[in-house]
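Biologist: I am new to this structure and would like a close look at one piece of sheet. Please start there, and then show me how the rest is put together.

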Amino acid sequence: MIRIVLPYHLRTLARVDGEVAVAVEGPITQRSVLDALEAGYPMLRGTIREHVTLRRRPFVRFFACEQDLSHEPADALLPDAVAKGAEPFLVVGATAGG
Amino acid sequence: MSRVRVLVGTRKGAFVLESDGKRERWDVSGPYFGGWEIYHLKGSPADPDRLYASQCSGWFGQLIQRSSDGGKTWEPVGNQFTYVGVPGTHQWYDGTPHPWEFKRVWHLEPSLTDPDVVLAGIEDAALFRSTDGGATWQELAGLRGHGSGPAWTPGAGGMCLHTIIQDPHNPNRIFIAISAAGAFRTADGGKSWQPINRGLRSQHIPDPTAEVGHCVHRIAMHPTRPNVLFMQKHWDVMRSDDSGDSWEEVSGNLPTDFGFPIDVHAHEPETVYVIPIKSDSEHYPPDAKLRVYRSRSGGNEWEPLTKGLPQRDCYVNVLRDAMATDSLDACGVYFGTTGGQVYASADAGDSWNAIVRDLPPVLSVEVQTLA
């Protein structure tokens with residue numbers, strides 16, 4: 001299972017506490033993880049990625065294993081630790097304001 | 001006994017205020033969707049327990065929430081608003097072409113007859129409709145495709161479609177307004193549209209009497225007289241007696257004719273309410289006195305309503321969707337401020353009380369009169 005940490009507002013929207021775990025088949029990438037997340041929690045569609053283009057929303061960032069993966073290609077493999085469930089994939093609302 | 005339910009959208013969530021017909025004691029519930037901007041929420045005239053809310057965030061985009069129990073519980077429904085075809089460009093603030101981009105839903109207008117049908121006015125300006133309770137949304141693209149779209153410009157708040165008025169006597173006739181394009185009317189259920197801005201004068205556009213480009217802030221109609229429209233424009237309060245074919249100014253003796261909301265008394269179609277704001281450069285009441293102005297003659301002669309409203313040191317604004325009336329006798333009038341107060345009058349404006357004083361900045365106020 002892939003572990004995902006959502007920001008507060010998306011946890012509230014998805015009605016989950018703590019981490020979300022999703023099963024992903026095939027290569028573990030941003031795209032496959034987010035596809036699985038949105039399949040399990042359809043209310044999140046459009047909140048992390050734009051509809052249609054599936055581009056990351058501008059004020060959302062992706063972190064894992066102390067790396068900023070926001071600008072990595074959607075089909076690039078995520079770190080092994082994420083694929084093995086040792087580390088979570090973090091969806092983060094960008095810091096803005098004071 | 002009748003009850004009223006006031007639906008308040010704020011910068012940081014939605015609130016539901018309820019009272020009996022006396023409108024003296026209020027129960028306040030919320031915030032719903034705490035931390036999110038709630039541009040608008042409104043109930044279905046066909047089923048008062050069916051509510052729709054526009055929830056948005058700069059981080060996480062647009063959501064639409066639906067309630068089937070009068071706001072006690074909510075569920076997210078469809079949030080995909082995709083323009084038909086290639087949306088093209090409108091004018092940017094400096095007059096250069098700018099791509100049409102979805103930003104948010106400003107206004108939700110449920111059908112008068114079917115709780116599963118709802119219209120949505122969005123930024124960048126377009127009109128969408130759902131016929132399945134908000135699950136899916138389709139653009140009524142004839143509006144944006146009217147031909148004048150490339151000349152539309154955003155107002156200070158964005159290029160928003162903020163007003164949707166359905167003619168209760170003719171389901172094919174709808175009026176809408178856009179900042180800053182102007183007012184439009186359809187007679188065929190939204191397939192085709194015509195601008196209805198003759199008589200408007202706007203100094204912020206090169207041709208002050210152009211067919212489009214006017215910053216209309218709000219339009220109001222009494223349901224028994226669908227051919228009579230009242231408009232609060234950026235500057236000027238206007239009136240039309242021919243469904244928008246022509247407009248005449250009725251600002252009369254107002255201390256300033258800049259403002260945002262306008263509304264009509266529930267039982268007196270010639271009684272109109274506005275809240276004058278000092279200017280487009282200073283968005284607060286003139287003389288720091290919060291005054292609602294009422295005309296009982298359909299405009300031109302206005303009286304200030306001050307009892308219970310702050311008459312010194314007041315620097316709040318009242319936004320375009322933040323005033324509403326109930327249909328009790330006497331008519332109730334409600335408005336919310338950017339300072340977080342929601343004021344109510346149970347006597348058609350003669351006197352006012354704050355239902356709540358410390359909400360986040362209020363974006364919208366709607367009222368349901370319940371049996």
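Modeller: Let's begin with strand 19 (residues 229-233) and strand 20 (residues 237-240) of chain B, which run antiparallel and are joined by four bridges. Strands here are DSSP runs of E with at least two residues, helices are runs of H or I with at least four residues, and both are numbered from the N terminus. Two strands count as a pair if DSSP finds at least two bridges between them. As background, strands of a sheet pair through backbone hydrogen bonds, in either the parallel or the antiparallel sense.

Before we go on, please keep in mind that this is a predicted model: local features need pLDDT of at least 70, side-chain atom pairs count only at pLDDT 80 or more, and totals for chains, interfaces and linings use all residues. Residues are numbered from 1 along each chain as its sequence is written, while chains are lettered from A and ligands numbered from 1 in the order in which they are written.

Back at our pair of strands, Met231(B) has Met238(B) in strand 20 of chain B as its bridge partner. Both strands belong to an open sheet of four strands in chain B, with the order 18-19-20-21 and antiparallel pairing. At its edges lie strand 18 (216-221) and strand 21 (248-249) of chain B, each pairing on one side only.

Met231(B) also leads us to Ile219(B). Leaving aside neighbours within four places in sequence, Ile219(B) is in contact (C-beta atoms, placed from the backbone, within 7 Å) with residues including Leu229(B), Phe230(B) and Met231(B), and also Phe175(B) and Ala177(B). Ile219(B) is among the residues with the most contacts inside the largest nonpolar core, which has 105 residues; Val8(B), Ile176(B) and Tyr334(B) are others in that group. A second, separate core of 21 residues includes Leu10(A), Val20(A), Val33(A) and Leu37(A). Such a core is a set of buried Ala, Val, Leu, Ile, Met, Phe, Trp, Tyr and Cys residues joined through C-beta atoms within 7 Å. Buried means that 20 or more other C-beta atoms lie within 10 Å of the residue's own, exposed means 12 or fewer, and partly exposed is in between, with C-beta atoms placed from the backbone.

Now step back to chain B as a whole. Its secondary structure comes to zero helices and 30 strands, and buried residues make up 53% of its 371 residues. The C-alpha trace of chain B spans about 50 × 45 × 40 Å along its principal axes. A compact globule of 371 residues would have a radius of gyration near 21 Å, and the 19 Å of chain B agrees with that. This radius is taken over C-alpha atoms, and the globule rule is 2.2 Å times the number of residues to the power 0.38.

Gly21(B) sits between strand 2 (13-20) and strand 3 (27-32) of chain B. Gly21(B) is partly exposed because 16 other C-beta atoms lie within 10 Å. Neighbours within four places in sequence aside, Gly21(B) is in contact with Met1(B), Ser2(B), Arg3(B) and Leu328(B). Gly21(B) and Gly332(B) are 311 residues apart in sequence, but 9.6 Å apart in space, C-alpha to C-alpha.

Next comes chain A, where strand 3 (residues 60-64) and strand 5 (residues 89-93) run antiparallel and are joined by four bridges. Across that pairing, Arg61(A) stands opposite Val92(A), and Phe62(A) opposite Val91(A). Strand 5 of chain A also pairs with strand 1 (residues 2-5) of chain A, in the parallel sense over two bridges.

In helix 2 (residues 30-40) of chain A, the buried residues are Gln30(A), Val33(A), Leu34(A), Ala36(A) and Leu37(A). Seen down the axis of helix 2 of chain A, they fall within an arc of 160°, so they line one face of the helix; the arc is that of the directions from the helix axis to the C-beta atoms. These buried residues pack against strand 1, strand 2 (20-22), strand 3 and strand 5 of chain A.

Finally, the two chains meet in a contact that takes 13 residues from chain A and 12 residues from chain B. Helix 1 (residues 8-14) of chain A gives the most to chain A's side, with three residues.
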